[in-house]
Structure formats: structure tokens, C-alpha cells
Amino acid sequence: MTNNLRVAILGRNALARTMHSLFSAVPNIEIHGITESSQGRFDAVIETTNLNLEQKREDLMLIERCVEDDTLILSSILGVTATQTASWLMHPYRLVGFAAFAKQDSSELIEIAPGLQTDTSYLERASQLIAYLGKDTETVGDEAGLVFPRILSMIVNEAAFAWTEKMASKEDIDTAMRKGTNYPMGPLEWADQVGLDDIYAVLSGLHRDLGEDRYRPAPILRKMVQAGWLGIQAGKGFYSYE
């Protein structure tokens, strides 16, 4: 890549806003949106939709219509694999999946994964792009949610089940996990921080793709996402922030 990069970010969620903020602070990187009238060469496009897979597919098809065949596409795969995402493209070899929650201020690493169709040279390009943010990358196997988002989502899911089964109050669940494990925060307040929509996307993707009951999202998570109670970004989640 050159020292002057043109990067487009596409999405309507908190992750898109976070990526826009992070890359805007990097010298020599121009940030753009993507529309049918977009012109000029892009070095990379970051696509961030997680929950609405039909919208995600439409966004990726829009990207292909607007960029050159060798432009890197870095696609969020919290709720779907890189292989499935790449299958929606005419040129799937340039897609690399990444998994990150929107809250990135304390994160030092972003996980990436190739689809079966990915040309390995694009993995290196993805790592170089993320390095501009001062973050390391780790390449892992291709499955919805990858590693950290998958494990955290499972912990949040179990905490949500425990709360709805009235084993303990949400405050007591968070205190037990924070003091019992030295987690930086309890699972329910952690879910509010990263966004319940992304937690639900990871669990739904794993349950849909792997068919195992252990990934079944707690019903309360589905209802909270449907209600728009997405956590801090919405002012209400497991806790109120108004």
C-alpha cells in the first residue's frame, strides 16, 4: 500500500462510527463513504453490518460496483463467516473477515480470518491497514464471531439466562463475576458497553451455522435488541444510562 491511503467505511452501526473515528485520527489516510456515485480508487473498504445479513449482502454488492477488482474488503464477521460473506462477491479473493466490538479504546488487537476463497496476500494487506491504528492482528479460523467476541458473547448469554431464571439480580451477577474472576467488568455491564446487537449477532450466527443448543441466544437478548435496548449507545440496556 502507498503512504496515502483512500479508505471507505460502510455501515450504519456503532462499529462504523468507531472505525471512522479511529481512521480519521491517522495521518495520510482519507476516509470516505461509498455510494453509487463514488469515484476514484480505494485502497480498502471496511464493511461493518452484523445483524441484518440481507443488508450486509446488499452493501457488499454495492462495494463491488464502486471499487476496483483488487481493492481490499475488510468485512465484519461477528454474525457470519468470511467464507459465506465472500461467496456473495464476484471477486471473493480480496475479502478478509475481522471481528471487533465497537468499543475499541482499550483493545490492543483485532482478530482477522480468511475465507476459503481469500488470497493470502490480502491478509497481509489487512494487517498493514489495522497496524495504522496501533493495533496488532491475530489470524484465526473462520467462524462467526471468531475468538474474543465468541467467548464474551457466550459469557453474556449465560449471565442473561441466570438473570431471567432469577438466580440473582443483574447487579449481583456482575459483582460475582467481577470480583470472582477479576474480569474488568461484569458480563451484563460489559454487554451494555460493547452493544447487545453485536452480542446477539454473534450468538445467532453460531446457532444458525453450527446448530448447537449451547449457542442459543437467551430470549431476553432477542427481545432487548428488538426493543432497541442496545446498551450505552442507546441509553438503555441491562442498565439505564439516561
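Where is threonine 71 found? Threonine 71 sits in the loop between helix H2 (53-66) and strand S4 (72-76); helices (H or I, at least four residues) and strands (E, at least two) are DSSP runs, numbered from the N terminus. The model is predicted, so local features need pLDDT of at least 70 and side-chain atom pairs count only at pLDDT 80 or more, while totals for chains, interfaces and linings use all residues. Residues are numbered from 1 along each chain as its sequence is written, and side-chain values use heavy atoms, with hydrogens and water left out.

Threonine 71 has a relative accessible area of 0% and is therefore buried (under 20% relative accessible area; exposed is over 50%, partly exposed in between; 1.4 Å probe, protein chains only). Leaving aside residues up to four places away in sequence, threonine 71 touches Phe42, Asp43, Ala44, Val45, Arg94, Tyr122 and Arg125, where contact means heavy atoms within 4.5 Å.

Helix H5 (residues 148-164) takes part in two helix pairs described here. The axes of H5 and helix H6 (residues 170-181) come within 10 Å and cross at roughly 140 degrees. Axes are lines fitted to C-alpha atoms, for helices over the stretch in contact, and angles run from 0 to 180 degrees between N-to-C directions. The angle makes H5 oblique to H6: under 35 degrees counts as roughly parallel, over 145 as roughly antiparallel, 65 to 115 as roughly perpendicular and the rest as oblique. On the H5 side, Ile155, Ala159, Ala162 and Trp163 meet Lys170, Ile173 and Met177 of H6.

With helix H9 (residues 219-227), the axis of H5 comes within 8 Å and crosses at roughly 100 degrees, so H5 and H9 are roughly perpendicular to each other. Asn157, Ala160, Phe161, Trp163 and Thr164 of H5 make this contact with Pro219, Ile220 and Leu221 of H9.
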